[in-house]
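This report examines a single protein model together with one of its ligands. The sequence and the structure are shown first.

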Amino acid sequence: MTLNNGFEFVFEPGACEECKGKCCKGEKRSYLWINEDETEALSRYLNMNIDDFKKQYLYLFEKRWSVKDIKVNGMYQCVFLSGETGKCEVYDVRPKQCRTYPFWKRFKKYPKELFDECIAVKKK
Ligand code: SF4
Ligand code: SF4
């Protein structure tokens with residue numbers, strides 16, 4: 001169980017097994033911001049040079065890089081979410097935005113959004 005001060009919930013990641021990546025997809029296109037260090041780590045992990053990696057997996061939005069999402073069965077999902085297992089294919093080097101989920105400032109303000117999305121969080 002992961003606890004994090006200042007949030008009104010606890011996170012139990014064991015539930016992710018049955019969820020299959022709901023936080024990595026959505027009805028609308030979303031932004032998964034990635035910085036230069038993370039880009040380098042991911043491209044190295046995938047054994048690609050950075051330019052090819054960016055071309056294949058990232059796009060620029062208002063001068064910031066985001067990981068691409070793809071449309072599957074009417075839903076947008078992160079390009080690194082495996083369709084077969086529902087797991088992250090780059091889990092060990094996923095960007096900070098993923099590693100800090102669900103402890104995002106946004107969910108302090110709008111906890112209901114998180115409770116509707118994630119079965120691994122429980123009220124304290
Ligand atoms: S939405 Fe919650 S339970 Fe589902 S994969 Fe993401 S963190 Fe795990
Ligand atoms: S990088 Fe991995 S954890 Fe992050 S949104 Fe994509 S599939 Fe999910």
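## Burial and contacts

Of the 124 residues in this predicted model, 15% count as buried. Among contacts with a separation of 6 or more, 61% are between residues 24 or more positions apart.

## Fold and dimensions

Six helices and seven strands make up the secondary structure of the protein. Their order along the sequence is β-α-β-α-α-β-β-β-β-α-α-α-β. The protein is as compact as a globular protein of its length, because its radius of gyration of 15 Å is close to the 14 Å given by the globule rule for 124 residues. The C-alpha trace extends over about 45 × 30 × 25 Å along its principal axes.

## Nonpolar cores

In soluble globular proteins, nonpolar side chains tend to be buried together. Here the largest nonpolar core consists of seven residues, namely Cys24, Ile34, Tyr57, Val67, Cys78, Phe80 and Leu81. One of them, Tyr57, is in contact with Val67, Lys68 and Val79 when neighbours within four places in sequence are left aside.

Another core, of five residues, lies apart from the largest one. Its members include Phe107, Leu114, Ala120 and Val121.

## Surroundings of ligand 2

Which residues surround ligand 2? The shell is formed by Gly21, Cys24, Leu32, Cys78, Phe80, Leu81, Cys88, Val90, Arg94 and Cys98. By class, eight of these residues are nonpolar, one is polar and one is charged. Cys24, Cys78, Phe80 and Leu81 belong both to this shell and to the largest nonpolar core.

Note on methods: Residues numbered from 1 in each chain as written. Chains lettered and ligands numbered in written order. Predicted model: local features only at pLDDT ≥ 70, side-chain atom pairs only at ≥ 80, totals over all residues. Near = placed C-beta within 6 Å. Nonpolar A, V, L, I, M, F, W, Y, C, P; charged D, E, K, R; others polar. Helix = DSSP H or I, 4+ residues; strand = E, 2+ residues; numbered from the N terminus. Rg over C-alpha atoms; globule rule 2.2 N^0.38 Å. Buried ≥ 20, exposed ≤ 12 C-beta atoms within 10 Å, placed from the backbone. Contact = placed C-beta atoms within 7 Å. Core = buried A, V, L, I, M, F, W, Y, C linked by C-beta atoms within 7 Å.
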